[in-house]
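The following exercises are to be worked with the sequence and the 3D model at hand. Each task is followed by a solution in steps.

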Amino acid sequence: MIKAPNFVRNLAGLPKPGEKIHHPDFHLTLKPLWHPDHDEAERQVALSDSSYILAHYGSQKAVDHYLSMSMPSYGGLAYPHTKKDRIYYLERMMSITTLIDDTTTNPDVLGDAQRQSELRGHYFDAIAGIRPPASAPIAQLLYEGLIPIKAQLASKPRVWKRLEESLHTMILRQTDSLALQMDSLSFERYLELRRVDNYGEWAAMMTEYAIDVDMTDALAADESLVAVRTAAIDSITLVNDPYSFRKEIYIADSVNSVWLLMHLEGLTLQGALDKLAVLVSDNERRLIAARDRVLAGPLGNDSDVRDYLTELEHLASGNAEFHAISTRYHGKDFKGKRFISGEVTIIPLPSTDEVAAADIAQMRAPD
């Protein structure tokens, strides 16, 4: 296997274990809101999906580690007005797509074209309604997760078609990893590509599913509505990167604008974080300004459009809140806390794959 190229391994100024940095306040104004049925939906996701997660990782400790990150919470925050009969299916997809991301970004997969191709084939089958084999349990989860969503969107076939296309494009992009291009990208091109492979386009599509609207025509008619949608999508990457780089240091995951800004502009780590904080705030202002233009325009009195705008706001605010509370970005001892800004210490934040590997090695060790 040939390892993927990676400019981060030679990047000057990488933080060392024990080093402290300041996570800047983004000064966001849009407020998060929880879906009232989130807790029950998350409980159901754990019940229905744990056996598949165990089949993938081969370690109960890994399952517990993954579930502790509370990935369904993303759905409870980003889509707080999801219809009652859809919240479980939506939160389940938040977890499933995280598992897909973790399989495609595994360092052992990034440089292995054959394994990428196999994953791509299994996920494409799942999207097409073909059940993947037991050897691909996460692809099986995707297959199962999409069945009820497709059925519920039978009355809105254009939404299903766009959702299906967004998933297909995302899988294609993720299994031809952006990590292979990072050392040649501008910041603008990076952000553009991340709108797809960081689940942004798909997440925006799920907004239409969540509240049962079809924005196909409205998005074609109003550039300001597209601008709101794009800003909500960009907020996912712009907020994610300052939170997630700490867990990515130890595998030298290059797909992060923190490293890219250090690489392109010669910034220190702190300088890159401070610049991203400004970009996050500027992006929220763009979202709000574009929203106000839509409301003042010909679509401003359309109830579906107004509901859609509200939920796009929550995609942005919910994404930010999720990053502030999930143990995925802060470590297993963080549960029940909330972090917006302040001093943080660089410590190992093992991935679920690393937890699984350590547990399996221990189980196989001789007594």
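A residue is called buried under 20% relative accessible area, exposed over 50%, and partly exposed in between (1.4 Å probe, protein chains only). The model is predicted, so local features need pLDDT of at least 70 and side-chain atom pairs count only at pLDDT 80 or more, while totals for chains, interfaces and linings use all residues. Residues are numbered from 1 along each chain as its sequence is written, and side-chain values use heavy atoms, with hydrogens and water left out.

**Exercise 1.** Find where in the helices the salt bridges Glu165–Lys161 and Glu192–Arg189 lie.

Step 1. In the bridge between Glu165 and Lys161, the closest N and O atoms are 2.4 Å apart. Both residues sit in helix α8 (residues 157–174), and because they are four residues apart, about one helical turn separates them.

Step 2. Glu165 is partly exposed at 39% relative accessibility, as is Lys161 at 49%.

Step 3. Glu192 and Arg189 form a salt bridge of 3.0 Å, N to O. Helix α9 (residues 187–197) holds both, three residues apart, or about one turn. An α-helix has 3.6 residues a turn, so residues three or four places apart point the same way.

**Exercise 2.** Describe the surroundings of His38.

Step 1. His38 lies in helix α1 (residues 38–57) and is buried, its relative accessible area being 4%.

Step 2. Contact means heavy atoms within 4.5 Å. Apart from neighbours within four places in sequence, His38 is in contact with Pro72, Ser73, Gly76 and Glu91.

Step 3. A polar contact is a pair of N or O atoms within 3.5 Å; within protein, one must be able to donate a hydrogen and the other to accept it, and residues adjacent in sequence count only if both atoms are side-chain atoms. The His38 side chain makes such a contact with the side chain of Glu91 at 3.0 Å and with that of Ser73 at 3.4 Å.

**Exercise 3.** How does the span of helix α15 compare with the expected value, and is the helix enclosed or exposed?

Step 1. The expected span is 1.5 Å times one less than the number of residues. Helix α15 (residues 303–325) has 23 residues and reaches 32 Å from its first C-alpha to its last, close to the 33 Å expected.

Step 2. Of the 23 residues of α15, 17 are buried, so the helix is largely enclosed by the rest of the structure.

Step 3. At the start of α15, a side-chain oxygen of Asp302 comes to within 2.9 Å of the backbone nitrogen of Asp304.

Conventions: Helices (H or I, at least four residues) and strands (E, at least two) are DSSP runs, numbered from the N terminus. A salt bridge is a side-chain nitrogen of Lys or Arg within 4 Å of a carboxyl oxygen of Asp or Glu.
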